[in-house]
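My notes follow in the order I took them.

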Amino acid sequence: MKKIAIAVSILMGAGTVAFSQEHQLVKKWETDTLLKVPESALYDAENKIIYVTNIDGQPWEKDNKGSVGKVGLDGKIITVDWVSGFNAPKGMGLYKNNLYVADVDKVGVIDIKKGVLTQTIPVTGAEGLNDLTVDKKGVIYVSDSKTKKIHRIENGQVTTWLENLKGPNGVLIDGDNLYILDAGGLYKVEKDKALTKLADGMEASTDGLEHVTGKDYIVSCWIGTVYYVKGDGTKQLLLDTREQKSNTADIGYDAKNRIVYVPTFFKNKIVAYELK
């Protein structure tokens, strides 16, 4: 009986290992540490570049020290302070020629061809604008982690889209739908603004959200974890850098080549992994 129990235990253990390795992240490169508290990475397929927001200070301090930099797909930093004039910039979204950047209480607009900050859109009452996404019509959705709201910006006009959340951060337009991360959970926002929970049980610092394929997503948690989340709500821990005290902030993703770009915040570098 004891031998049977041991055999079952071994088989169960093998099954667990097989499941845990269903997907994995394989490190490809990391930048040097010249970046300045990088919070978000955004992959631009057309221009073959990675945009990076540099907080360069404390996460919410309005000190005018923040900037957006550019990193090559080989991991070489092209320029740290490509566009300055920000406070504590975080999430980004790209639409046509404009790069939109969440920055505490406003959204900055960068003309990517000219490399200049052309406009700022103030968000009245905002205290902690964090992640940002843009739909196919150019409508912006931006989370405020401090006031626990999601704002919508269309043609420069700001409205509050969702409120009374727990701790919203990551936002993502996928097709015609808006998805959000809120305090450890992944939710789909329905047409009536009701929230449908797709997955939960992640660390409360859920941060970056990217679509992989079908109904599968990658979620990063600032504390140092990255998850693969399946359409059925199950999740797999892909990366855990908590022991190294390396954060995993607002990730970027190259869907064609399956490359995940991870900003390490206080470690001052971006690390690229191939999703297997």
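**Entry 1: a hairpin turn.** I started at the hairpin of E6 and E7, which has two residues between the strands; Lys96 there takes a positive phi near 55°. Strands, labelled E, are DSSP runs of at least two residues, and helices, labelled H or I, of at least four, all numbered from the N terminus. This is a predicted model, in which local features need pLDDT of at least 70 and side-chain atom pairs count only at pLDDT 80 or more, while totals for chains, interfaces and linings use all residues. Residues are numbered from 1 along each chain as its sequence is written, and side-chain values use heavy atoms, with hydrogens and water left out.

I noted that Lys96 is not a glycine, yet its phi is positive. Most residues other than glycine have a negative phi. Lys96 sits in the loop between E6 and E7. Is Lys96 buried or exposed? I found it exposed, at 68% relative accessibility. The cut-offs are under 20% relative accessible area for buried, over 50% for exposed and in between for partly exposed, with a 1.4 Å probe and protein chains only.

Entry 2: I followed strand E6 (residues 92–95) into strand E7 (residues 98–103). They run antiparallel and are joined by four bridges. Two strands pair if DSSP finds at least two bridges between them.

The open sheet has four strands in the order E6-E7-E8-E9, with antiparallel pairing. E6 and strand E9 (116–122) are the edge strands, each pairing on one side only. Neighbouring strands of this sheet are turned by 25° against each other on average, direction ignored. Axes here are lines fitted to C-alpha atoms, for helices over the stretch in contact, and angles run from 0 to 180 degrees between N-to-C directions.

**Entry 3: another four-stranded sheet.** I traced an open sheet in the order E2-E3-E4-E5, with antiparallel pairing. E2 and strand E5 (77–86) stand at its edges with a single partner strand each, so one side of each has no neighbour in the sheet. The twist averages 20° from one strand to the next. Inside this sheet I looked at strand E3 (residues 49–54) and strand E4 (residues 66–71), which pair antiparallel over five bridges. Thr53 stands opposite Val68 in E4.

Entry 4: Strand E14 (residues 168–174) is mostly covered, with seven of its seven residues buried. E14 pairs with strand E15 (residues 177–182) in the antiparallel sense over five bridges. Asp174 has Asn177 in E15 as its bridge partner. Two residues lie between E14 and E15 in this hairpin, and Gly175 in the turn has a positive phi of about 70°.

**Entry 5: aromatic rings.** How many aromatic pairs does the structure hold? I read seven. Rings of Phe, Tyr and Trp (its six-membered ring) pair if their centres lie within 6.5 Å; planes under 30 degrees apart count as stacked, over 60 as edge-to-face and the rest as tilted.

One of the pairs is Tyr43 with Tyr261: stacked, 6.2 Å centre to centre, with 25° between the planes. Tyr43 is buried at 18% relative accessible area. Tyr261 is buried too, at 2%.

I then turned to Tyr141 and Trp161, whose ring centres are 6.0 Å apart with planes at 70°, so this pair is edge-to-face. Tyr141 is in strand E11 (residues 140–144) and Trp161 in strand E13 (residues 157–162), so the pair links parts 20 residues apart in sequence. Tyr141 is buried at 8% relative accessibility, whereas Trp161 is partly exposed at 25%.

Trp29, Tyr43 and Tyr261 form one aromatic cluster.

**Entry 6: charges at Trp161.** The charged end of Lys193 sits over the ring of Trp161, 3.9 Å from its centre. The charged end of Arg152 also sits over this ring, 5.1 Å from the centre. The test is NZ of Lys or CZ of Arg within 6 Å of the ring centre and within 35 degrees of the ring normal.
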